[in-house]
Amino acid sequence: MANTEQILTIDTIFTSEEAAVAQTGLSGWSALVMAGYGFTGDAAFAGQQFQLEYGDAERPIITVLHDGTSIIASLVLSRRSEFGDTRAYGVHGIVVRPDHMGRGLGSKLYERAVQDNGIDIVVGSTKTPAAVAARARALARCDMRTFFGLREITGGEPINTTTLRGFLDTYLAHSSGEVDPDTSLIYKDTNVLLPDIPHVERLPEHIQRAFEPIIAAQKEVGDTKTATLPLLSIKSHLLI
């Protein structure tokens with residue numbers, strides 16, 4: 001991380017980009033979301049995407065990397081209550097400015113958010129290879145094991161698969177989107193996540209295999225909807 005870059009944590013939603021700038025003194029929020037997710041559109045569409053990213057999370061933790069004037073990367077976590085007393089958060093969004101990709105910034109944000117807030121479980125669904133790799137790499141350093149569907153993508157000792165299945169079923173029961181209970185695939189609207197085929201050639205072989213159901217499903221549905229899988233990161237002691 002460059003010497004001029006800093007991490008800021010915010011625990012409130014923003015009603016507009018103007019409110020975000022006024023509260024933080026940082027610009028570039030909508031531009032980050034549009035460029036980082038690969039969206040194109042007019043100012044009204046950019047405003048909608050800003051609201052989805054920063055205005056709709058429940059009891060959020062927003063962790064951002066900035067250079068003193070503008071946003072470079074952000075992670076938005078939203079409190080999840082379905083796991084009882086366990087401190088569980090869902091990934092509402094994670095995005096990095098394209099000219100800063102490949103620096104491990106997503107991993108830095110995950111690690112900081114989990115360590116600073118005592119989080120036990122991080123849940124979400126995705127089809128983005130970089131997001132899967134970043135989460136697994138970062139949260140392994142926080143004594144968390146990460147699973148894409150039921151396939152572990154971090155190493156470790158054998159786990160109680162019944163416990164894992166319970167966490168996964170709980171997540172699926174409270175997920176937005178169209179859930180296929182046989183495969184654990186979650187289908188999302190294409191205005192939330194683009195329906196492109198993931199490029200996994202540079203990933204380790206075990207992660208490539210984990211993406212096989214998504215690739216097959218996306219080829220089947222085309223551009224009508226976006227296929228994702230649950231990505232769960234769980235503290236090791238909860239899997240005993």
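Helices (H or I, at least four residues) and strands (E, at least two) are taken as DSSP runs and numbered from the N terminus. The model under discussion is a predicted one.

1. Aspartate 143, which sits in the loop between helix H5 (129-140) and strand E7 (144-148), has a positive phi of about 60° although it is not a glycine. With a relative accessibility of 44%, aspartate 143 is classed as partly exposed.

2. Serine 184, another non-glycine residue with a positive phi, has a value near 70° and lies in the loop between strand E9 (178-179) and strand E10 (186-188). Serine 184 is buried, its relative accessible area being 5%.

3. In helix H8 (residues 212-221), the buried residues include Ile214, Ile215, Ala217, Gln218 and Val221, and among the elements that cover them are strand E6 (125-126), E7, E10 and strand E11 (226-235).

4. The aromatic pairs number 7. Phenylalanine 83 and phenylalanine 167 form a tilted pair, with 6.1 Å centre to centre and 45° between the planes; this pair links distant parts of the chain, 84 residues apart, from the loop between strand E3 (71-80) and strand E4 (88-96) to helix H6 (residues 161-173). Phenylalanine 83 is buried at 10% relative accessible area, and phenylalanine 167 counts as buried at 14%.

5. Phenylalanine 148 and phenylalanine 211 also form a tilted pair, at 4.9 Å centre to centre and 50° between the planes, and both residues are buried.

6. Phe14, Trp29, Phe50 and Tyr54 make up one aromatic cluster, while lysine 225 lies over the face of tyrosine 187, at 4.8 Å from the ring centre.

Notes: Residues numbered from 1 in each chain as written. Predicted model: local features only at pLDDT ≥ 70, side-chain atom pairs only at ≥ 80, totals over all residues. Heavy atoms only, no water. Buried < 20%, exposed > 50% of the residue type's maximum accessible area, 1.4 Å probe, protein only. Contact = heavy atoms within 4.5 Å. Phe/Tyr/Trp six-rings, centres within 6.5 Å; stacked < 30°, edge-to-face > 60°. Lys NZ or Arg CZ within 6 Å of the ring centre and 35° of its normal.
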